[in-house]
Amino acid sequence: MQISTSQQLFEKAQTLIPGGVNSPVRAFKSVGGTPVFFASGSGSRVTDVDGNSYLDYIGSWGPHLFGHNPQFIKSAILAQLEKGVSFGAPCGLEVEMAELITSLVPSVEMVRMVNSGTEATMSAVRAARGFTGRDKFIKFEGCYHGHGDYFLIKAGSGALTLGVPTSPGVTKGNAADTLLATYNNLAEVQELAEKYKGEIAAIIIEPVVGNMGTVLPTKEFMNGLRQLCTKEGIVLIFDEVMTGFRLAKGGAQEVFGITPDMSVFGKIIGGGLPVGAYGGKKEIMMKVAPAGPVYQAGTLSGNPLAMAAGLAALRYIQQNPAIYTRLEELTARLQHGLAAAAQSVGKNYTINRIGSMISMFFSEQPVTDFASAVTSDTALYGKFFHGMLDEGHYLPPAQFEAWFVSTAHTEANIDETIAAAKRVMQKIV
Ligand code: KE4
């Protein structure tokens, strides 16, 4: 049997790149099979190296709010290409980007551009530590903030103990200042804040989790975090790498009406090119070099090519706020259709959605934190994933990820996906 070009490429890639991929989730480890290698993308579709076309619900893991290769971003990149891609010196586009981010997200008084979400979250925690003079910080089990050492931590012997490294290469010393709590469990956070009073620099949180699959916070939890941080002098950091400019032009903080002390962005602000950003209160950001002593730097930070792409994306959002209504309509349609597909086989699978972030868990109980997320039948998700892939619908190759809908998706696309989901469900359940 002729093996596909993806299979040939994957075989070669595995001899040259660890696991054959440049980011682990792409390797299909949790769903099995051979990763699909893509050749092109346009609008709501991607085409693989064998010419197969798929409706895409990953959108490069979030950046493609407007689908693949929208003309207005392509034109901005091409125009900048003619002038130069990077100078290693300040350029006007960086000032325009800072101005636009701070006007779209009022809690961000000052902002620093970096080149990935990981760089941005690492730097935000460092700035919070520099500002407070404290070492510890709290993260939540199941939240992902990039691969910085002090984030790759799992709960110790009980959720209320110091973290322990998840990955070899992360030292116990690095884990020692990471405290873990359960998402949506305010009492645990209050207990940690009491136990380590005066030692906690920051709480960093995905205001809507994408990395357990989509998980929403309760109002009480978010309001409680804000009140606790204000009372204890803890810096509240919203990791909006995924939710920023996706859920609203002002991100999750606009949707929930909660003002964090710092925010982290990525994905959409790069218009598909590598960009991250962190920002917040001026008094905190003025601690960052060269204004202050907290060191952080980057060769390509704010490079004009990425700024041109990101500015095109954010300006489009600024001029077309109605896109969020469109994304709400399309993704609600998908949610109802997926629920009907599950019900067609007698299942009430949990579907969590907010705006254009959605996840269907192969579990019939509410999913509000990591422990409930892992009740999902991941083997069944793997069968669903491959069934949908065979039908031309590209979903995240892992249960614990969010699907993304773009403004390039149409009702017809959504209805195609729903019909396929029904057929696949009836085969696998
Ligand atoms: P990057 O370093 O991958 O640009 O961003 C890290 C990051 C930080 N914060 C949040 C909330 C994120 O979702 C991410 C990255 N998201 C994953 C998707 N779950 C990126 C996909 C991948 O790792 O390949």
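Which atom of Y144 lies 3.4 Å from a nitrogen atom of the ligand, one of the backbone or one of the side chain?

1. Start with the answer. A backbone N or O atom of Y144 lies at that distance, 3.4 Å, from a ligand nitrogen. Keep in mind that this is a predicted model.

2. Now look at two side chains. T118 has a polar side-chain atom 2.6 Å from a ligand oxygen atom. K267 has a side-chain N or O atom 3.0 Å from a nitrogen atom of the ligand. On its own, the ligand would expose 540 Å². The protein buries 85% of that area.

3. Next, the wider shell. There are 16 residues around the ligand. The ones that come nearest are S23, T118, N211, D239 and E401. Sorted by class, the shell has seven polar, five nonpolar and four charged residues.

4. Turn to the second largest pocket. Its volume is about 530 Å³. A total of 23 residues line this pocket. Closest to its centre are V111, R112, M113, A289 and P290.

5. Which elements each supply at least two residues of the lining of this second largest pocket? Helix α3, spanning 92-104, does so, and strand β4, spanning 110-114, does too.

Note on methods. Residues numbered from 1 in each chain as written. Predicted model: local features only at pLDDT ≥ 70, side-chain atom pairs only at ≥ 80, totals over all residues. Heavy atoms only, no water. 1 Å grid on protein atoms, 1.4 Å probe; cavity = no way out; pocket = protein on both sides within 12 Å on 5 of 7 lines; lining within 4 Å. Points joined across faces, edges and corners; volume = space filled by probe spheres on them. Helix = DSSP H or I, 4+ residues; strand = E, 2+ residues; numbered from the N terminus. Near = heavy atom within 4 Å. Polar contact = N/O pair within 3.5 Å; in protein donor to acceptor, adjacent residues only side chain to side chain. Areas by Shrake-Rupley, 256 points an atom, 1.4 Å probe, with all protein chains shown as cover. Nonpolar A, V, L, I, M, F, W, Y, C, P; charged D, E, K, R; others polar.
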